[in-house]
Structures are given as C-alpha cells and as structure tokens.
Amino acid sequence: MSDADASGASDGDGSGAFGAAIERGEDVPLLTGSGEYTDDISLRGTTHLAIRRSDHAHARIESIDTSDAEAMEGVLAVFTGEDVVESGVPNTIPTAWDLPGLVQPQYRMLATDKVRHEGTPVAAVVAETRHAASDALEHIHVEYEELEHVTDPVDAVERDVPPVHDEAEDNVAFDFELGDADATDEAFADADRVASVDLRQPRLIPNAMEPRAALADWEEATGKLRLWMTSQNPHLHRMLLSAGTLGLPENKIQVIAPEVGGGFGSKIYHYPDEAVTAWCSMQLGRPVKWQATRSESYLTDCHGRDHVTTGEIALDDDGTIRGVRVETHAGLGAQLSQFGTATPSYLYATVLSGQYTIPAIHCRVVGAFTNTTPVDAYRGAGRAEGIYVIERLVDVAARELEMDPAELRRRNLVPPDEFPYESAAALVYDSGEYERAMDLALEHVDYEELRERQRELRDEGRYIGIGIGSFIESAGLSPSGLAGDLGAQAGGWESSIVRFDSTGSVTVLAGTADQGQGHRTTYAQVAAEELGVSVDDVTVVEGDTDRIPQGMGTYGSRSASVGGGSIARGAREVREKARRIAAHQLETSVDDIEFDDGEFHVAGAPDRSLHIQTIAHEAYLGHDLPEGMDPGLEETNFYDPENFTYPFGTHVAVVEVEPETGEIEIERYVAVDDCGEIINPMIVEGQVHGGIAQGIGAALYEGAAYDDDGHLRTRRMDEYVVPHATQLPDFETDNTVTPSPHNPIGVKGVGESATIAAAPTIVSAVADALEPFGVDHLDMPITPESVWRATGGDN
Ligand code: MCN
C-alpha cells in the first residue's frame, strides 16, 4: 500500500491542523452581513419570476386565462405548462433512485392536466419587478374541476379514493421488502415475549434561514445557461437539469451555489421552480430571478418523514432480542422527488438493527402517493425514522420485561470484536465501541443515582423521566457500485482538486457544497495537515460547476468522509510529487527523503532540506525537475469509498413532566457521539448542537398538518413551531473516537447524528416519566395536550 493510500487519521506530519478547534473562517462574512446569497446577486436587466400555484389539493385544470395578467404594467410574459410543452424541451423532473416495480408518473415543470397538491406550479409570470410579478398572479384565471383528495398514506392505499396518478390506481408507488420474512416469523414463534408499538412520525418542514432562490442567465450567443441557486449539490442539479429537463449538454450549464443559508436536505432536490426560472430566461433572453416566500417554501420544499408504522420485537425472557418486524406506510407526496424513493426504503429499513445484534429482521414499506407536498430526505433521512422505530421498540420491550432500558440495550449491543458487523438488515458496520459511548453518557448523568431520585420524586408526585437514545447512522451514501445495484442513478464518489500555486498557497476545489457545515475550515485543516502548511495558506472553493469540474454535493453526512477523504488523497499525491522533486534537487533517492512539518529533508541530515512551498515554486518554474516529470503541482482526485461510515453514540435526556398541565421541561441533555477521528471538535460540537435542536423540535414541537380540504395548515412560522433557544437546555456533549478503518482519514460523518438520536431520546424520556400512568409511547410531537390526555386529564 502506498503512502497515498494509507488509512488512519491524517498521516501528514503537518501543522497539527487536523483535530484543532480552529474558529470557522466563514463566520465573519456571515455574521457581518457581507456573505453573498443568491438573492443578493443582480445582473443588468434582471427580471423577476413569480409562480402561480394551485390552491386545490387535487383538481383537473379546465382552462387557464392569462390575458389580464399579461396586460398588466411591467409584466413581460406569462407562461403556462402548454407553453413549456410547445418549447420542445424534455420537461421532466426526473427521479434519481429507481426501485423494483416503481411507478414513475410524469412530473413536469408546470402542470398541464391536473394539480396534485396545493402549491403545484401552474403558471409563471415574468415582470420587471418582483412586485409586478407577484401582483399579476391573482390576475391569472384558472378554472378547475375539483377532485377528491387524500393526504394520509394509509388512507391513500386502503380507502377507496381517486388515484393521485392514473398509473398507480391504488396509490402505491412501490411495495418494498428487506430482510428475511420466514426467519423473522420463526424468531417470533420461538421467542418468549413479543412487544409492539404503533407509531406515526409526522411530516416535518425544513426551515433553512434562506428560502429557495434562483437567478438564471441564458446567453443566446454561446448557448450557455448560468444558474445561481440555493443548492446543496450544484453538479447534481447540473446533471438533472441538462438532459432530463432542459435538453442542454452539461458543459453548457454552469450552476453556482453562493451562500446557501442552510438546507437540511431541502436544497438537494431538483424542483420545478428553479427549472422554470432557467427556462423563462431561455425564452426571454434576459436574466430571471425567483425567490420563494417563506410560505411558498413551506408549501413546496420537500417535507420529511410522514411514516405510519407498526413495529414488533421478539425477545427471550433474559432480554436477548430474537427478531424485529416492521411494516410502514410512507407518504411520498404527490410526485416522486429525487431520493423520495430511497429515503423510506433503503435508508430506513437497513438501520433497523440499530446498535444491536438482531438475528432476524423483516421490514415492508408501502410507498404511497398522496395529494401533498413531495416528501424526501430531511436531516437524518430514513436513518432517523429507522432508529426511532428500533429505539421505541427496545423501550417498550424493556417495559414488557420489567427490565432497565439501559440494561436491555447493553445485553444486545454489537460487541467491539464483532466488527466489521454484518447486520440482518444488509449493512456491514465498519467499526464501533457502543458500550463505551453508552457508559460515558450514563456516567455523565449518574444513571443509577438518577433512577433513585426518580423513585423518590414519584413518591412526592413529581414525574421525571430518563430517556436513552442509542443510534447508528449509515453516513456517506456510497460506494457507487452498491448505490447503483440498489437503484441510484448517480454515483456515491466525491472529487476534488488540490493545487499549489507558485507562491506556495494552496487551493482546494471541492465537489461538495457547504450550507453552514464549515467545510472551508475543516477542508483547509485536512489539506494543511497533509501538506504541512498553515491553514491560512489554504483556500477552499466549493459550489461552482465551472470552477470545480465534478462533484456530488453535500447530503447524507458525506462531506467529511467522502469529500475530506478525496482531499486527503489528492493532497497525498501532491506531497508525493513534491517529494520526488525534493529528492531530485537534494540529489538523493526518494526513499531517503523524510517529511516533517512541511519540510522535506534527507534522512539523517536535517539541514539538507526544502520546504514544500519552495518546491511548489520550483514545480512551476520547471527548470529543474526529475527526468520526464511534467511541471505544476496539482492533483485531481476521485474517491469512491469502499463502504459507508457508521457514526454512533448514545444520548440521554432527563425531563420533568407535569401531568396536570402536560408541560415538559428538559432538565438535562447529554450527547455522546462517535464520529471517528475529529477534524475540528468545535465544528463537530456545533453540528451536534444543531442536530439536537432539530431532534427536540421533531419530538416536542414540529409537525406539518393538512386540513380537511387538503390545505397545508402549517404554512407560517407561527403555525409550524420550531423550538426557540429558550426552550432548549444547555447541551452537554462528549465524544468517543473509534476511527473508520476504511476511510483515508479515519473520519465518520456527524451532520445528522444528533437529529437521529434526539427525537427517540426525548420521546423515551417522556414515556419513562409517564410510566406510573401506564403510558409507554406517545406520538411526536408530544404536546402538553397529548400528555394531558394520556394521563387522563380529559376524563
Ligand atoms: N466534521 C469533523 N469531523 C468529523 C466529521 C465531520 O470535523 N469526524 C465536520 C466536517 O468537516 C463538516 C461538518 O463537521 O465541516 C459536517 O460534516 P459531515 O458529517 O460530513 O456532514 P456534511 O458536511 O456532509 O453535511 C451534511 C449534513 C446533513 S446531511 C444535513 S441535512 C445538515 C448537516 O449536515 N444540514 C445542515 N448540518 C447542517 N448544518 C448547517 N449549519 N446547516 C445545514 O443545512
């Protein structure tokens, strides 16, 4: 194995940058308001797009009259779906993940026949100003024939309702199975006990600070489209826009993602709106800008979750888990979003083994079309839903066995010497020390003493609950071959370019795309460590498909492991080339050259040395290079990992519940996470904080709701409640470090871990507090009202 392939935390003898809590370089512009977002960009002659959306959940379009809107001052054009069809572009919003038997209905930029959810785009107005465009919307007259609608995934399949799409008469988009049904039945038949839980995981709406936006500039003379947009994956957007939607070759599309203002999954997808923005610019030959309002975002950004599940767990009396059986109806919304099929199938069912050795698992997922906003990956995507199920099952099983829930978990954890561990849900976990992380979390809260306090307080009529959430995550969404076998229409690799210039500065061009994760800082740390230069000498560039030729973007907590892995590999190749130049100029063999803190020196003669930044200068001078070596010092790397990484950890929450009022107070929240080697502990802690807040939001506050007319009831920030800082406790975080053995820098992802852990931890704590009331489960979001009802308040 060459040095460039070696595994383990950074092997550069560089600046000690890897692992340092360096402050985020990106914060100053963001906090002082000089960061540039899509809506800040204006080109000469920019026009503005507003989109007329259906206000019906399900209806046939009878006619669209645009004449009044067209006659309004400042309006340049009004387009309908028929105009897009007539323009001859492919006009498809393609899915990116196929499944066996998947029904893939047509998905166009603007609807032509039916609207299938409130918010479906039906017409586009382009005007000289944003106000003129939005004013004109209500002057477009659309006649509809209303149709019966369905918003619930179980109703969609089991009730006699008109299909959302004619191609799927029973509203079933797919019927997915994973695991061994017979072995699971046998395990259940042989086990001493069975516990079960019926649960709903409500629809969640992502809340990025910046709603989605796009600015398109079509240059007729060169046939080139430039598109600035709020994108988590500019290259994927380029790919999906090119062939499927606009019919342009990839090299005629430049997608640029400036500051993105958060994504949480919602900006991965290829939506009709940005495509319409681009198409309008192509029609008018002028730059066109679209900026979603907050309500428009709530109505059209892909939602998350929407699962209705029955889970069962079979155990022996001593607590040994024998099997798990899960059946889920997953709402997909009205259209298939790019990963909307993968999220509730492979990303969900494969984590149902959690941290446990479970010999038999079977999961069935019915993916249902409903007359609602499309559903896709939202932070934690699939893994959050799956871990929630297994963690709820372990808790109800502990109750059934009258066993301490920590003890039940401990008895079933995959032991450290079992790795790589192949679960019955088809994953091969890379590495883990689950008990160590769990012990640490329990130590933080002084678990035994806390249980004692709980008993004492109960005698006084006070109800505290201790919740445990032990999780794994499959992060990285790779390797490509496996993803392809499972139906992915894109690769799982990542690409980067590491380039020294002649002054010794380093530029890293990365195919991922930051939305707040701090890549510019952590990637600089990875490169600086490998190359032995200062972090300040490294500039990281992301988010521009013309500057960075290839990439797959940021989602699935993949950037540190796949993106960072690619950068480390590229930097190692750069270092090796520099080593050869050093050997040549120091007149020794390559094997005699040692590398230390950026300096190449001859073994045993430290004064005969050349710094890597001096060599960079030499590499571009090209005067004195080894025979046959090309000038320059840069490498392009494609890294296709051999496996996912599997972050894990245990979170513990202590809550006090007031049964009379239903109030829940979180007293303590302890998070112990293991994301392998840590590039930047401060950034990791920040990711964990944000993730916990989102998990607590799901557990106690958030949940999208539709009314009887199929209208989204939670369309404003005062209707869709995200937690406020004052509702969150101080988070106590800690880490264990179990390196990933196959990743070049030993890292695992962390971006979604805490969201995955926090929801089950909080629900576990509330259910634990309410044990004296016979409550073993409450559905999210657990509100004061649901607690009050569950404890008999309404009797
Ligand atoms: N990191 C590290 N050491 C590790 C692992 C990660 O220092 N062992 C650093 C990384 O270098 C990166 C950050 O932590 O700066 C997150 O890394 P990673 O886990 O690889 O996740 P991604 O960068 O791929 O981000 C995606 C993930 C997802 S899927 C969602 S959703 C999410 C999240 O990150 N959305 C976010 N975190 C978010 N944070 C912000 N501020 N905004 C969002 O929209």
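This is a predicted model: local features need pLDDT of at least 70, side-chain atom pairs count only at pLDDT 80 or more; totals for chains, interfaces and linings use all residues.
Across the whole structure, a search finds 54 salt bridges. One of them pairs Lys748 with Asp430, whose closest N and O atoms are 3.2 Å apart. Lys748 belongs to the loop between strand E28 (731-735) and helix H20 (753-769), while Asp430 belongs to the loop between strand E17 (428-429) and helix H13 (434-445); the pair therefore ties together parts that are 318 residues apart in sequence.

Another salt bridge lies within a single helix. The side chains of Arg579 and Glu576 meet at 3.0 Å, N to O. Both residues are in helix H17 (residues 559-585), and because they are three residues apart there, about one helical turn separates them. Arg579 counts as buried at 11% relative accessibility, and Glu576 is likewise buried, with a relative accessible area of 19%. Salt bridges may also share partners: in this way Arg53, Arg212, Asp273, Glu274, Glu296 and Asp301 are joined into one network.

Turning to annotation, an unreviewed UniProt entry places the feature "domain: Aldehyde oxidase/xanthine dehydrogenase a/b hammerhead" at residues 32-148. In the model, this span is 16% helix and 30% strand, and its end C-alpha atoms lie 50 Å apart.

Where does Thr370 lie? Thr370 is in the loop between strand E15 (360-369) and helix H11 (383-401). Its relative accessible area is 0%, and Thr370 is therefore buried. The side chain of Thr370 makes a polar contact of 2.7 Å with the side chain of Thr372. Beyond neighbours within four places in sequence, the residues in contact with Thr370 are Arg116, Val150, Thr151, Asp152, Pro153, Ala156, Val164, Arg203, Gly333 and Ala334.

Note on methods. Residues are numbered from 1 along each chain as its sequence is written. Side-chain values use heavy atoms; hydrogens and water are left out. A salt bridge is a side-chain nitrogen of Lys or Arg within 4 Å of a carboxyl oxygen of Asp or Glu. Helices (H or I, at least four residues) and strands (E, at least two) are DSSP runs, numbered from the N terminus. Buried means under 20% relative accessible area, exposed over 50%, partly exposed in between (1.4 Å probe, protein chains only). UniProt positions are given in the numbering used here, feature names are shortened, and annotations may be inferred rather than shown by experiment. A polar contact is a pair of N or O atoms within 3.5 Å; within protein, one must be able to donate a hydrogen and the other to accept it, and residues adjacent in sequence count only if both atoms are side-chain atoms. Contact means heavy atoms within 4.5 Å.
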